[in-house]
Amino acid sequence: MTSSEQETMNPRPNHRTRVFALIAFMVLCLIISAFGGAVTATSVNDWYATLQKPAFNPPNWLFGPVWTVIYFLIALSGWRVWLKRGIANAKVPFTLYATQLTLNLAWSFLFFGAQSPFLGLIDILILLVLIIINCAMFMKIDRLAGMLLVPYVLWVGFATLLNGAIWHLNS
């Protein structure tokens with residue numbers, strides 16, 4: 001598809017609309033992060049502290065800064081695809097984007113809220129697959145948007161190993 005065909009599909013929004021959309025993507029990711037963090041906080045200092053963890057378990061303080069950067073990248077990635085295609089012209093990638101964000105939030109409720117490493121593991125395995133597919137789909141629309149999801153893929157891949165190890169050690 002040529003760039004003129006793409007512009008016909010999604011005419012370039014004005015500056016105000018672009019800024020508003022970027023803020024909307026950021027707020028969406030901030031809300032998901034806040035809800036996930038609130039659920040995590042309910043048991044990170046008691047139930048989670050009692051679990052056996054693998055030697056590669058990072059210190060608790062590292063998760064907040066890493067997730068902050070990742071959520072920023074997720075928002076920026078979605079915004080870039082929106083700039084290129086809009087949501088109506090990228091329904092499948094944005095449906096996947098919304099689904100993986102939903103599963104991301106669900107993981108906190110399953111692992112920390114329900115205190116179930118097993119349910120968390122099932123969720124995060126599906127989540128990882130969806131993020132990889134979402135990354136590939138975004139890359140076809142905007143290479144940088146896809147690349148912005150690579151740290152998310154890597155972190156959730158690591159988190160999947162960690163979740164699996166915690167489940168195994170505490171079963």
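Predicted model: local features only at pLDDT ≥ 70, side-chain atom pairs only at ≥ 80, totals over all residues.
Leaving aside residues up to four places away in sequence, Asn-163 touches Trp-107, Phe-111, Pro-117, Gly-120, Leu-121 and Ile-124.

Now let us look at how helix 8 meets helix 4. Two packed helices are described by the angle between their axes and the distance between the axes. Helix 8 covers residues 150-169, and helix 4 packs against helix 8 at an angle of about 140°, with the two axes 9 Å apart. That angle makes helix 4 oblique to helix 8, and the crossing of the two helices is left-handed.

Which residues of helix 4 and helix 8 meet? From helix 4 come Leu-62, Phe-63, Val-66, Trp-67, Ile-70, Leu-73 and Ile-74, and from helix 8 come Pro-151, Tyr-152, Trp-155, Val-156 and Leu-162. Sorted by class, the contact of helix 4 with helix 8 has 12 nonpolar residues, with no polar and no charged ones.

| Salt bridge | N to O distance |
|---|---|
| Asp-142 and Arg-80 | 2.8 Å |
| Asp-142 and Lys-84 | 3.5 Å |

In the pair of Asp-142 and Arg-80, Asp-142 lies in the loop between helix 6 (117-141) and helix 7 (143-148) while Arg-80 belongs to helix 4 (residues 60-85), so this pair ties together parts that are 62 residues apart in sequence. The side chains of Asp-142 and Lys-84 meet in a salt bridge too. That pair likewise links distant parts of the chain, with Lys-84 in helix 4 and Asp-142 in the loop between helix 6 and helix 7, 58 residues apart. Taken together, Arg-80, Lys-84 and Asp-142 are linked in a network of salt bridges.

Is Asp-142 buried or exposed? Asp-142 counts as buried because its relative accessibility is 5%, under the 20% cut-off.

To recap, helix 4 meets helix 8 through nonpolar residues, and Arg-80 and Lys-84 join Asp-142 in the salt-bridge network.

Methods
Residues numbered from 1 in each chain as written. Heavy atoms only, no water. Salt bridge = Lys/Arg side-chain N within 4 Å of Asp/Glu carboxyl O. Helix = DSSP H or I, 4+ residues; strand = E, 2+ residues; numbered from the N terminus. Buried < 20%, exposed > 50% of the residue type's maximum accessible area, 1.4 Å probe, protein only. Axes fitted to C-alpha atoms, helices over the stretch in contact; angles between N-to-C directions. Parallel < 35°, antiparallel > 145°, perpendicular 65-115°, else oblique. Left-handed = near helix turned anticlockwise from the far one by under 90°. Contact = heavy atoms within 4.5 Å. Nonpolar A, V, L, I, M, F, W, Y, C, P; charged D, E, K, R; others polar.
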